[in-house]
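Please have the sequence and the structure at hand while reading.

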Amino acid sequence: MNKLTAKELSNMQILLENTLKPDTFLVNQSHEALSHMRDKQPDKLVLSLLYILVNGQRNYKMSAALLRGMLGVMEDPRKFVWTKLNLDTQALVKFNLAQALGAEKLDSDLRRSVCFVCRELAGTLADCDEIWPELLSALDMLVDPKASDSMKICGFEILETTFKYFTSSYIKSLKELKTIFEITLTNDSFLIKAKCLKAIVAAVTCLETEQREVFETLIPLVTESILVSWKEEEELKSVIVDLTKIADKSPRFLKEEFPKLFQVA
């Protein structure tokens, strides 16, 4: 991202800040400038917003929101620019987002913002029949048992998303994933276990019958971990919704484990 000058970055910060001013004329003018840049100079706009985001500069949350709109294929098609970017820009975006997401000392709020953008872009790449090797590599650090809570939360969110989009990339590491799931389900944090459960649901529902058998022994552990840690009724309800998705794919779960949840609900 060394193609950007200090003046260009400063001008971008001014534009972003002007969109929040009480002056309606100034706000509209700033939005028009951003829209014009998106249409005429998408590479420069994306790289400027990316720099602000991954470096945690002021207005990084706004930068993340704008990037989600421009990189997410499911967002407003008028704002979508991924396919308009040159290959060098695309490579920089993928590398820097994955690197930032996996940084150990990244602020938790900043990591969340980066995570949101990564999930949108993962969907876009899948739609374009592309894989994101840098992001998949970053997952090893994010879901490591020794990782911070912030890293684990984002890691399992990314795992849930990428399992849906890049299922074939995980086929050779299912046993390793099972071990990670087993360890995480003993975590003290209900939130982390709930995020892990969503990733398990993605794995079970995306894999073929013979492939998901490796996760069958996790079912009792999933149920037990939820039963001993939920504190609010809404937490249990949200988890049951996820578990029904497993029940739909695993008759064994429906028969042996699912009734236990209703005994305490």
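## The nonpolar core

The largest nonpolar core has 77 residues, and L97, W132 and F181 touch the most other members. Such a core is a set of buried Ala, Val, Leu, Ile, Met, Phe, Trp, Tyr and Cys residues joined through side-chain atoms within 4.5 Å. Helix α10, residues 190-206, gives the most to this core, with ten residues. Helices here are DSSP runs (H or I, at least four residues), numbered from the N terminus.

Leaving aside neighbours within four places in sequence, L97 has contacts (heavy atoms within 4.5 Å) that include L50, V54, C118 and W132.

The model is predicted, so local features need pLDDT of at least 70 and side-chain atom pairs count only at pLDDT 80 or more, while totals for chains, interfaces and linings use all residues. Residues are numbered from 1 along each chain as its sequence is written, and side-chain values use heavy atoms, without hydrogens and water.

## Helix α10

Of the 17 residues of α10, 13 are buried, so the helix is largely enclosed by the rest of the structure. Buried means under 20% relative accessible area, with a 1.4 Å probe and protein chains only.

At the N-terminal end, S189 caps α10: one of its side-chain oxygens lies 3.3 Å from the backbone nitrogen of L191.

## Two buried residues

T162 lies in helix α8, residues 149-165, and counts as buried because its relative accessibility is 0%. Not counting residues up to four places away in sequence, T162 touches A122, L135, L136, L139, T167 and Y170.

E120 belongs to helix α6, residues 108-127. Its relative accessibility is 16%, so E120 also counts as buried.

Key
Buried means under 20% relative accessible area, exposed over 50%, partly exposed in between (1.4 Å probe, protein chains only). A polar contact is a pair of N or O atoms within 3.5 Å; within protein, one must be able to donate a hydrogen and the other to accept it, and residues adjacent in sequence count only if both atoms are side-chain atoms.
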